[in-house]
Amino acid sequence: MKRHWLATPYIVWMVLFIVVPMFLVLFYSVVERTEDGYRLTAEHFHRFVDPIYINVLIRSVVLAVISTIICLLAGYPMAMILASREYSRKKIMYMLIVLPMWMNFLLRTYAWMTLLERKGVINYVLSMLNLPSLDILYTNQAVVLGMVYNFLPFMILPIYSVLSKIDQNIIEAAQDLGGNNFTVFRRVVFPLSLPGVLSGITMVFMPAVTTFVISKLLGGGQFMLIGNLIEQQFLSSGDWGFGSALSVIMMLLILLSMGIMSRYEQESGGGALW
Amino acid sequence: MEQVKKTAAIFLVLAMIFSLTACGSNDGDSNQNTTAAITVYNWGDYIDPTVIDDFEKEYGINVTYETFATNEEMYVKLSSGGSNYDVIFPSDYMIARLIKEDMLHKIDMSKITNYKHIGEQFKNLGYDPNNEYSVPYMWGTVGILYNTTMVDDPVDSWDILWNPKYEKDIFMLDSQRDSIAVALKKLGYSLNTRDEAQLEEAKQELIKQRPLVLSYVGDEVKDKMIAGEAALAVVWSGDAIYCMWENEDLAYAIPKEGSNKWFDAMCIPKSSKNKEAAELFINFMTDPEIALRNAEYIGYSTPNTAAMEMLDEEIRNDEAAYPDLESLDNCEVFEDLSDIIGLYNRIWDEVKASQ
Amino acid sequence: MRFLKKSYVFLIFAFLYAPILVLMIFSFNESKSRGNWGGFTLKWYMELLHDKQIMSALYYTLLVAVLSSVIATLIGIIASIGIFNMKKLPQSIILNVNYIPILNPDIVTGISLMVLFIFMKMRLGFVTLLLSHITFNIPYVILSILPKLKQMNKHLYEAALDLGATPMVAFFKVILPEIMPGIITGFLLAFTLSLDDFVISFFTTGSGVANLSIVIYGMARRGISPKINALSTLMFLCVLMLLIIVNLRMSKDPERRLKSGASKENGRYISSIGHDI
């Protein structure tokens with residue numbers, strides 16, 4: 001079958017809409033407009049080295065890591081329970097976890113805006129119970145909460161999918177050999193579930209570190225993550241150079257974390273994200 | 001798995017049929033009486049939406065309506081060239097910049113028959129000295145909107161926004177020019193200063209204020225202040241009026257150090273493909289009846305004398321809405337500072353990124 | 001232990017569903033303020049249906065989702081066959097480039113496309129929105145079809161030709177049925193991704209063309225609006241109905257369903273939605 005030419009239309013498409021745009025971003029990140037055209041410059045990247053911007057990057061990574069950890073801690077037990085249930089319930093519970101993911105994620109984030117307000121529903125309930133009010137809208141906590149809420153199913157499902165494939169005989173064998181529940185979990189179940197954990201981590205961390213919507217809606221206008229910084233450069237400062245440089249940095253960050261994840265993945269013996 | 005896919009296929013076919021029919025009927029609607037179309041780019045919440053419908057009905061011109069939150073955002077969209085707008089609503093300093101950069105059409109004033117209704121004090125202003133490029137839409141001041149049940153100090157100075165007592169009870173504007181102006185005025189400088197040291201000082205003030213600020217907001221400030229979410233907010237006067245209509249506990253003050261008085265006007269950018277229709281739209285908006293409807297709907301102050309005379313007496317005599325322009329002599333109008341815009345952008349980025 | 005498990009499951013589901021439930025309840029609230037209940041009303045639903053902006057956004061969302069997924073699937077089918085028949089090196093290069101839109105953060109894909117369109121002096125609007133959606137859809141279609149091509153018996157196509165079928169007939173009668181499951185998966189994936197996209201659309205549209213996500217974002221930034229609550233309720237019910245119907249059809253064959261639920265294919269589906277955020 002000599003039909004490789006069939007790929008040509010897509011190759012043209014790819015070059016036009018994937019490769020060229022990437023090079024344009026790269027181009028704008030290293031040039032500066034002058035009277036007569038463009039001039040090479042490292043100024044945009046240099047500007048990023050300022051502590052203020054480095055802090056934005058650190059804040060983005062830290063918040064994403066915290067959200068990922070919370071998702072993992074809350075999601076793993078859920079995945080285990082889900083995997084251990086008898087069949088009929090399992091199906092319903094699986095659907096219940098998938099369902100919120102099908103809701104538009106802006107609506108899910110918006111839901112928390114209404115809940116967290118000072119005069120919002122949560123505080124109304126708290127004040128009825130004579131409890132102190134919760135005042136976290138426009139803070140780090142609200143942003144982390146939004147991330148965990150949006151991304152928790154992405155942690156539960158891959159772990160569940162790996163756990164439910166573990167051969168029950170292996171676990172029984174381990175128990176027969178005298179392992180108590182904890183040992184069986186630590187030595188058998190957890191190592192076997194690592195591929196699921198790793199894809200879960202990837203699927204939570206990546207969108208969390210690049211978001212600008214959650215931070216904007218739940219963190220308020222003053223809350224800067226690297227995504228917000230990029231958005232601001234392109235939509236209100238009009239500084240394409242700095243914005244492009246930030247985008248390049250974000251791509252590098254993602255590549256780096258993908259690299260780290262895939263190394264672990266190899267060590268844990270396969271189970272790729274895809 | 002086969003079953004899943006068959007079901008899915010049925011769904012998709014249904015979805016396709018649905019959206020294709022939706023498509024068909026929608027096209028039918030819009031083609032009915034449309035001969036031309038214009039794109040209007042206005043501030044969010046800055047018009048009575050039924051006015052657009054009436055314009056479409058009266059002239060058979062289809063209006064595509066888009067909104068922006070700050071002058072800077074509007075400028076970036078306009079100058080990047082991704083869109084063709086026919087009518088835009090920039091403020092004073094931005095109009096000056098657009099004129100300087102040759103981005104505006106001269107308006108054919110003979111087509112704007114309603115221009116005679118615009119008050120004399122709103123003509124020949126610094127940003128458009130010969131009234132060639134702009135037709136005033138609304139005007140006002142910047143001040144502090146506060147909730148009288150939550151603030152017991154007198155609100156007469158910008159200093160109150162730096163008072164630790166109101167920690168996390170303050171909303172600032174998510175607009176670089178306005179927020180930097182607040183800091184400059186607090187320090188007693190001109191809000192049009194080009195002095196880098198003064199601007200640096202203003203930046204430090206804003207960074208110092210950061211922990212006290214609940215959030216930097218846009219249009220949501222109205223909703224939040226009406227709901228009593230914070231004690232103090234820097235707002236444009238029209239938004240203040242609107243909020244005071246909705247919540248009686250709110251009051252508005254222009255600090256004694258002075259503030260910004262501003263004028264928003266309608267202009268036709270060079271990218272416009274349909275200047276005649278744009279002029280029709282501007283003239284329509286300047287019609288006293290229409291100007292009145294807009295003013296009553298959004299709460300801002302109209303420069304349209306004929307419309308103003310039809311306003312409720314209560315509003316007309318409201319000091320916050322229609323202050324005597326003379327009495328605002330310590331309020332300045334923004335000048336175009338686009339030559340140092342890089343400095344402004346940097347200051348604003350650093351203020352917002354600091355934490 | 002059983003009790004502990006049960007309460008844990010309850011807690012997680014309460015966390016996932018309470019916010020949505022609150023939104024749904026308050027969509028029937030007469031009073032606009034959020035804390036208190038002002039009586040039952042359907043007025044926000046009426047306002048929603050008469051909201052021109054939301055109706056136009058719904059129209060564009062569906063139109064773009066249908067067009068982009070159909071076009072992406074067509075291009076994807078042809079491209080997959082081409083890529084499948086390529087030599088090793090060019091094939092791996094193409095596949096790697098194909099991964100870029102999947103791995104890249106959406107915001108970077110969005111701004112890079114925006115930069116491209118503005119660079120090419122294109123007017124941002126429906127066309128650019130559609131082009132962007134097709135661009136981020138094709139890779140998923142190709143990744144769904146390629147494995148099916150690999151599974152296919154290579155000699156089937158040749159056998160068909162030997163038996164006198166023209167290449168066209170052989171394609172439609174032999175190859176297409178074999179890869180159909182992959183095509184449908186890819187199509188569905190593309191359709192959902194397009195339906196739900198916010199970030200890329202946000203940067204690549206203009207001229208008054210907006211999808212639902214963009215309109216919701218705009219409204220959410222303006223404050224709390226009961227209209228959005230009403231919209232959430234309707235969207236939640238749509239999704240719920242869709243899931244139930246799909247599930248009922250599938251439950252005829254429970255064993256398979258469970259397997260597919262845990263399969264890698266599903267994992268990809270989930271992760272691709274995750275990527276969308």
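Me: What percentage of the residues of chain C count as buried?

Reply: Of its 277 residues, 48% count as buried. A residue is buried if 20 or more other C-beta atoms, placed from the backbone, lie within 10 Å of its own, exposed if 12 or fewer, and partly exposed in between. Bear in mind that this is a predicted model, in which local features need pLDDT of at least 70 and side-chain atom pairs count only at pLDDT 80 or more, while totals for chains, interfaces and linings use all residues. Residues are numbered from 1 along each chain as its sequence is written, and chains are lettered from A and ligands numbered from 1 in the order in which they are written.

Me: Why does Ser207(C) count as buried?

Reply: Ser207(C) has 21 C-beta neighbours inside 10 Å, so it counts as buried. It lies in the loop between helix 9 (199-204) and helix 10 (212-221) of chain C. Helices here are DSSP runs of H or I with at least four residues, strands are runs of E with at least two, and both are numbered from the N terminus.

Me: Which residues is Ser207(C) in contact with, leaving aside neighbours within four places in sequence?

Reply: Thr39(B), Thr64(B), Ser83(B), Arg123(C), Leu124(C) and Gly125(C). Being in contact means that the C-beta atoms, placed from the backbone, lie within 7 Å.

Me: What makes helix 3 and helix 7 of chain A oblique to each other?

Reply: Helix 3 (residues 51-84) and helix 7 (residues 140-163) of chain A pack at about 40 degrees, with their axes 6 Å apart. The axes are lines fitted to C-alpha atoms, for helices over the stretch in contact, and angles run from 0 to 180 degrees between N-to-C directions. Under 35 degrees counts as roughly parallel, over 145 as roughly antiparallel, 65 to 115 as roughly perpendicular and the rest as oblique. Helix 3 and helix 7 of chain A are therefore oblique.

Me: And why is helix 7 of chain A called roughly antiparallel to helix 9 of chain A?

Reply: Helix 7 of chain A packs against helix 9 (residues 181-210) of chain A at about 160 degrees, with the axes 8 Å apart. That angle makes helix 7 of chain A roughly antiparallel to helix 9 of chain A. By class, their contact has 14 nonpolar, five polar and no charged residues. Ala, Val, Leu, Ile, Met, Phe, Trp, Tyr, Cys and Pro count as nonpolar, Asp, Glu, Lys and Arg as charged, and the others, Gly among them, as polar.

Me: How many residues of chain A touch chain C, and which classes are they?

Reply: 78 residues of chain A are in contact with 65 residues of chain C. Helix 1 (residues 8-30) of chain A gives the most to that side of chain A, with 15 residues. The side divides into 59 nonpolar, 14 polar and five charged.

Me: How do you know that strand 1 and strand 2 of chain B are paired?

Reply: Two strands pair if DSSP finds at least two bridges between them. Eight bridges join strand 1 (residues 36-43) to strand 2 of chain B, and the two run parallel. Tyr41(B) stands opposite Glu66(B) in strand 2, and Trp43(B) has Phe68(B) as its bridge partner there.

Me: Why are strand 2 and strand 3 of chain B at the edges?

Reply: The open sheet has three strands in the order 2-1-3, with parallel pairing. Strand 2 (61-68) and strand 3 (87-88) of chain B each have a single partner strand, so one side of each is left without a neighbour in the sheet. As for strand 1 of chain B, six of its eight residues are buried, so it is largely enclosed by the rest of the structure.

Definitions and conventions: Contact = placed C-beta atoms within 7 Å.
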